[in-house]
Amino acid sequence: MTGNIYGFDDTICAISTPPGVGGIAVARICGQDAISITDKIWQGKRLSDAKSHTAHLGTILAPDGSTLDEGVATVFRAPRSYTGQDTVEISVHGSRWIQRELISALVAAGARPAEPGEFTRRAFAAGRFDLSEAEAVADLIASSSKAAHRLAINQMRGSVSKQLESLRKQLVELASLLELELDFSEEDLEFASRTHLVELAEAVGSEISRLTKTYRTGTAIKEGIPVAIIGHTNAGKSSLLNALVGDERAIVSEIHGTTRDIVEDRIELGSYLIRLQDTAGLRQDTDDTIERIGIERSINAAVKAEIIIYLIDASSPATQAEVEAELTGANTERIIYAINKTDLCRNTPALPHNAQPIELSIKNATGLDTLRNAIIQKIEDFAGGANADLLITNARQAAALEAASNSNRALLAALRSGIPADLVAQDLRETLHHLATVTGSVTTPEILATIFSRFCIGK
Ligand SMILES: Nc1nc2c(ncn2[C@@H]2O[C@H](COP(=O)(O)OP(=O)(O)OP(=O)(O)O)[C@@H](O)[C@H]2O)c(=O)[nH]1
Ligand SMILES: [Mg+2]
């Protein structure tokens with residue numbers, strides 16, 4: 001690759017495996033002198049003579065020339081590497097000392113320690129993938145559940161990019177139809193009917209807003225889906241959190257109003273990472289200021305949660321009116337009703353919409369699997385389906401889509417009002433510009449620096 005403002009001509013090196021001791025550690029060296037620099041610390045087959053995609057056993061020399069380790073060097077020649085540049089990956093024994101000395105030896109031989117995300121930034125600069133795909137690489141590395149992993153892998157393979165490319169094509173078609181109208185405006189000809197243009201812009205607009213709306217679900221899957229346990233005091237909410245987490249995480253007592261603050265823990269359910277929240281019990285008759293603040297927090301948690309588990313004490317059930325009042329504003333499709341302490345009695349209270357509660361006895365550990373499955377099912381209901389693999393999970397992309405959506409709205413208004421084509425074209429260009437920032441075909445060095453600084457060193 002030739003030099004450019006980012007200085008991609010120098011050779012960088014980093015340990016790409018996690019910091020600390022491991023069975024093996026992998027150092028990555030990348031840049032135009034990657035192979036010759038590695039040869040300086042390498043005894044064995046001369047890597048400069050090695051073919052691309054070949055692995056070689058050899059000895060690695062410390063900066064003072066002594067033997068540091070035996071290891072395997074894999075050679076990737078440009079352009080057939082992750083970054084598109086000459087790259088060597090050296091696997092050594094994973095001691096901290098060896099890792100540190102290996103980097104020192106490479107630096108002494110002429111490489112520079114890599115900045116966070118610098119390998120991926122080079123790959124982006126080489127056109128190996130666009131920005132939304134590069135961001136997915138960071139998500140993939142950070143993914144901690146099957147669902148988050150699947151989303152990231154799909155984005156890395158271009159699910160978002162493909163969708164945007166199809167939108168871009170539709171807008172470009174719209175632009176060319178407008179051009180025609182412009183060229184012949186003198187003759188007062190309208191080549192494409194405005195109705196057709198409006199239809200095109202509407203289709204693009206609804207797809208952009210559909211994508212934008214997936215951001216909430218997308219981030220929930222990526223960062224953990226908030227599930228709040230709500231209910232009256234003493235219903236067994238803290239007991240439920242502890243049972244699902246498998247640990248004595250929250251204080252349990254028979255005293256009403258034990259929990260004052262949100263207690264959160266992460267669990268895996270099915271393919272999803274869940275942020276399970278125990279909350280302060282809801283009750284009217286408390287004068288305790290701290291408890292009232294706690295109750296406000298519970299209501300807030302319920303509003304923000306993707307799923308609410310409303311827990312009822314079978315021995316002292318909440319009335320339907322109370323339940324309805326406490327769940328005002330909550331999305332009814334996201335509520336799971338559960339009735340606890342069924343070991344004491346089996347009253348089934350009337351619930352809003354004739355909902356049937358899940359019967360639990362946390363004391364006897366019954367009903368918990370049914371509850372787990374109900375949670376998974378609720379998530380599948382809103383996050384599953386045909387579009388499950390195409391969700392926006394990145395704030396920068398969501399903001400760009402929001403901006404594209406606004407420009408598209410202005411475009412539609414302009415088209416509908418019948419104003420001249422050259423004025424409409426401006427809104428169209430803006431929409432295209434915002435879409436292009438998602439994939440990075442329009443970008444600035446500052447944006448790139450911010451994005452790639454969030455990566456780990458060595459990626
Ligand atoms: N019999 C019976 N008792 C239970 C069951 N689950 C919880 N309890 C008891 O009910 C009491 C209240 O449990 P908690 O988990 O502290 O209730 P909570 O809903 O968190 O209460 P607050 O924090 O005050 O809102 C404790 O004494 C528990 O041992 C159950 O399934 N059966
Ligand atoms: Mg509690």
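How many Å separate the centres of domain 1 and domain 2, taken over C-alpha atoms? The separation is 42 Å. The model is predicted, with pLDDT of at least 70 needed for local features and 80 or more for side-chain atom pairs, while totals for chains, interfaces and linings use all residues. Residues are numbered from 1 along each chain as its sequence is written, chains are lettered from A and ligands numbered from 1 in the order written, and side-chain values use heavy atoms, without hydrogens and water.

**Domains.** Colour 12-129 as domain 1, 141-219 + 394-440 as domain 2 and 224-383 as domain 3. These bounds come from an automatic or database domain assignment.

**Loops.** Select His53, in the loop between β3 (42-43) and β4 (54-61); strands are DSSP runs of E, at least two residues, and helices runs of H or I, at least four, numbered from the N terminus. His53 is not a glycine, yet its phi is positive, about 60°. Go on to Pro79, in the loop between β5 (67-76) and β6 (87-94). The peptide bond from Ala78 to Pro79 is cis, with omega about 0°. Most residues other than glycine have a negative phi, and most peptide bonds are trans.

**Ligand 1.** Now select ligand 1 and the 24 residues around it (a heavy atom within 4 Å). Lys237, Ser238, Ser239, Gly257 and Asp343 come nearest. Helix α8 (residues 237-245) contributes three residues, the most to this shell. By class, the shell has five nonpolar, 14 polar and five charged residues (Ala, Val, Leu, Ile, Met, Phe, Trp, Tyr, Cys and Pro are nonpolar; Asp, Glu, Lys and Arg charged; the others, including Gly, polar).

**Contacts.** Show distances from the oxygen atoms of ligand 1. One is 2.8 Å from a side-chain N or O atom of Ser238. Polar backbone atoms of Thr258 and Ile362 each lie 2.9 Å from a ligand 1 oxygen. The protein covers 88% of the 660 Å² of accessible area that ligand 1 has on its own (Shrake-Rupley, 1.4 Å probe).

Methods. Polar contact = N/O pair within 3.5 Å; in protein donor to acceptor, adjacent residues only side chain to side chain.
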